Amino acid sequence: MHYSTAISVALLAATASAHTIFCQLKTDQQTYAVSYGIRTPSYDGPQTDVRAANLACNGPPNPTTPSSKIIEVKAGSTVSAIWRHTLQSGANDVMDPGHKGPVMAYLKKVTDATKDSGVGDGWFKIQEAGFSNGVWGTDTVINSGGNQQIRIPECIEDGQYLLRAEMIALHGARSTNGAQLYMECAQINITGGKATKKPTTASIPGIYKSNDPGLLIDIYNKPPSGSNPYKIPGPALFTC
Ligand SMILES: *[C@@H]1O[C@H](CO)[C@@H](O)[C@H](O)[C@H]1NC(C)=O
Ligand SMILES: [Cu+2]
C-alpha cells in the first residue's frame, strides 16, 4: 500500500493522539488523585519491544515520574486501575476505541515499592480479559469509563507490592513489534492477606515473546473465533 507523506503523517498523528495511561487508583476505601502512588509518564506512548527493561513499569521513550506514596490495599478487595488518554483527560477520553486487545494486571512483592524498578523476576498475573463474544478487554475498560477491575487475591502475603496494570492494542500487530503495550506500576501495601499460597513468578521482561500468538496477530483479516480463540499472552493466571 502506498500513502502520500502527508497522509502518513496525518495517520501517525491520529494514532499518537490515541494512546493511554494507567494514571489513578481507586480502592474500596477511596479514589486517589491522578499520579498518586503511580509512576506516571509525561508521554502516553506504548512500549513495543517486549525484551525491553521498560516493559516492567514503563520508562523511556516515555519518561516516568517517581512517587513517594504507597497506597493501602486490602487482600480480597477489588480495586480499579483507572485509564485515561492523558493525565488531564476525563472518563469519556480513555483511549481510541480502535485500540483493541487484551487487558491484564500483575503483582510483584518488593521490599520498597517506592524504589523497586520492577525489572526482573517476581511477577504473577492476577487478572486478564482477552476476547469473548466479540468484546475485547480494552472495549470493556473504555465502555466503563476507564475502569479496569482487579481483585487482589486474599491468599497472598502482606507487604509492599508493585501493581502493574496493562492494556495491549493490536491494531498494528500483524507485523512483529507492532503490538502497542501500555503499562504503569502503582505502589501498594497489601494487608489482611492469608499467606496460604505462594504464587509461581515470572520475569518482566521475559513474560512475552514478539511472536506470541496473542501479540503477532492480524485481528482484522484473521479475527479470533470459536474454533481459533484468542490466546492471551503471558503466564497463567494466579488464583487462590
Ligand atoms: C503496610 O501496612 C502495615 C499494616 O497496616 C503497616 O504496619 C506498614 O507500616 C505499612 N507499610 C507501608 C510502607 O505503608
Ligand atoms: Cu495508541
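**View 1. The shell around ligand 1 in the predicted model divides into one nonpolar, three polar and one charged residue.** The residues in question are I70, E72, Q160, N189 and T191. Taken alone, ligand 1 exposes 360 Å², and the protein buries 39% of that area.

**View 2. Side chains of E72 and N189 beside oxygen atoms of ligand 1.** For N189, a polar side-chain atom lies 2.3 Å from an oxygen atom of the ligand. For E72, the distance between an N or O atom of the side chain and an oxygen atom of ligand 1 is 3.2 Å.

**View 3. The loop between β1 and β2, with N58 and P61.** This loop runs between β1 (21-26) and β2 (71-74). P60 and P61 are joined by a cis peptide bond, with omega at about 15°. N58 is not a glycine, yet its phi is positive, near 65°. The relative accessible area of N58 is 8%, so this residue counts as buried, the cut-off being under 20%.

**View 4. A195, in the loop between β10 and β11.** The strand β10 covers residues 180-191. A195 is a residue other than glycine with a positive phi, near 55°. Its relative accessible area is 47%, so A195 counts as partly exposed; a residue is called exposed over 50%.

**View 5. The cis peptide bond between I204 and P205.** Omega of this bond is about 0°. P205 is found in the segment after β11 (202-204).

Conventions
Residues numbered from 1 in each chain as written. Chains lettered and ligands numbered in written order. Predicted model: local features only at pLDDT ≥ 70, side-chain atom pairs only at ≥ 80, totals over all residues. Heavy atoms only, no water. Near = heavy atom within 4 Å. Polar contact = N/O pair within 3.5 Å; in protein donor to acceptor, adjacent residues only side chain to side chain. Areas by Shrake-Rupley, 256 points an atom, 1.4 Å probe, with all protein chains shown as cover. Nonpolar A, V, L, I, M, F, W, Y, C, P; charged D, E, K, R; others polar. Helix = DSSP H or I, 4+ residues; strand = E, 2+ residues; numbered from the N terminus. Buried < 20%, exposed > 50% of the residue type's maximum accessible area, 1.4 Å probe, protein only.
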